[in-house]
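I have a new structure open and want to find my way around it. These are my notes as I go.

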Amino acid sequence: LSQPLAENVAKRITAQAAEVTRYQAQNKQRAPVLPHSLSSLQIDANKAFGLSAQVVLDTCQALYEKHKAITYPRSDSRYLPVGHFDQARAVANSAVMNLLKAKVDQLGVVKLSEVNDLLDYRQKSKAWNDAKVDAHHAIIPTQAASAGAKFTETEIKVYQLVVRNYLAQFMLAEQYSEVAVDVSILSGNFSTKAKTITEQGWTALFPKKKVKDDDLQTIPRLKKGEQLHCEKGEVVSKKTTPPKHFTEATLLAAMTGIARFVKDSALRSILKETDGLGTEATRAGIIELLFKRQFLRRRGKSILATADGKSLTSAFPPPPPSPDIP
C-alpha cells in the first residue's frame, strides 16, 4: 500500500542475516480427473482446439450415432456404474487402437504404443460410483466402434479427449511435494511456497502447462533455526488487469457454475444442486442463438458483446440483470 515503505524494507533487509523459523514439506497427491460430461468436454475442446460448443455437440452426435465410438453424449454425469468396471480393459484397448488407426501417436508425453504399460486395470478410481449415476453415465469410449470407420479431423480431436480422461482412471495419482518456509530478517517475517512434481502419474496423458518463470523456483531442504543470508531485497511493481473476455470454455463454465453469480442465498443453494443455467443439451444452442441474433460476436477465442447486445442489457431496469432477477 506504500511504495516508500516497501522500498525501505527492501533496502534494510539487503545483506542481512536471516533465520529459518518454519520449514514444512508435505507429500501430496492429485487423483485422476473424472471422465467427461458434455459440458466438461465442450470446455476442454474449446481450450485445446478452439472448437465451439455447438461443433463439439454435433461431433459427439456423429461419434455416437455414426461411428458408435462413444457412449450417449448429452450426459451431465462424470461418473460410471461399477458394473462397467469389468469391461475396462476391452474398452481401453479398443480406444487406443482407434487412435492409432487415426494416426494419433501420443497423448500428452505418452506414446500410444506404450500406454498399456502404464495402465493398471485393478485400480478403481472415484469415477466408479453407482450413487452418482442417474439416467446416463459419463461419456466414455465404446468397444463397438464401426469397423474401418474414418474419423474427420474434428472427430479425432474430440474423441481423443474422451479417451484421455477414460485412460486416466487406470493410472497412478500425480505425486508432488509442497514446501512452505518462513524466514526472519531483522524481526520481519518473510514467507514463500513451492510445489515440485515428483511423479507425473495420470498427468502424463495431458499437455504440459506453460509455467511462468516466477513459478519455477525450488526450495532446498532446510531446517528450523538454520542461519541464512539475505543477499538482496527488491520491490517488484505490477499492475492488475481487467477480467478477460469470456471464451466459449469460460462461458460454459460460468453457465454450469451460475450459482456463484447469484446473491439470493436460497436460490444459490438450489442452483448448486442443479446443472446451472440451461442443460447439457441446450447450452450450445443458447450460445449459438445469441450469435445468430447478433448480440454476441467472436474475436479469436474471445466472445464480445455487440452494440445490439449492449442495448438489450441496458434496456433492463436497474439494477443490472443477474441470474436471480426474474
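Below I jot down what I looked up about a sheet, the cores and one threonine.

**Before starting.** I remind myself that this is a predicted model.

I looked for paired strands and found an open sheet of 3 strands in the order 7-9-8, with antiparallel pairing. Strand 7 (246-247) and strand 8 (296-299) are its edges, each pairing on one side only. I then checked how strand 8 is held to strand 9 (residues 302-305): 4 bridges join the two. Across from Arg297 I found Leu304 in strand 9.

**The cores.** Next I went for the largest nonpolar core, which has 57 residues. Leu41, Tyr159, Tyr166, Leu167, Phe170 and Leu205 touch the most other members there. Several helices supply at least two residues each, among them helix 2 (38-49), helix 3 (53-66) and helix 5 (153-167). Helix 5 gives the largest share, 8 residues.

**One threonine.** Is Thr59 buried or exposed? I looked up its relative accessible area, and at 8% Thr59 counts as buried because the cut-off is under 20%. Thr59 sits in helix 3. Its side chain reaches the backbone oxygen of Val55 at 2.7 Å. Beyond neighbours within four places in sequence, I noted that Thr59 is in contact with Thr154, Glu155 and Val158.

Methods:
Residues are numbered from 1 along each chain as its sequence is written. This is a predicted model: local features need pLDDT of at least 70, side-chain atom pairs count only at pLDDT 80 or more; totals for chains, interfaces and linings use all residues. Side-chain values use heavy atoms; hydrogens and water are left out. Two strands pair if DSSP finds at least two bridges between them. A nonpolar core is a set of buried Ala, Val, Leu, Ile, Met, Phe, Trp, Tyr and Cys residues joined through side-chain atoms within 4.5 Å. Buried means under 20% relative accessible area, exposed over 50%, partly exposed in between (1.4 Å probe, protein chains only). A polar contact is a pair of N or O atoms within 3.5 Å; within protein, one must be able to donate a hydrogen and the other to accept it, and residues adjacent in sequence count only if both atoms are side-chain atoms. Contact means heavy atoms within 4.5 Å.
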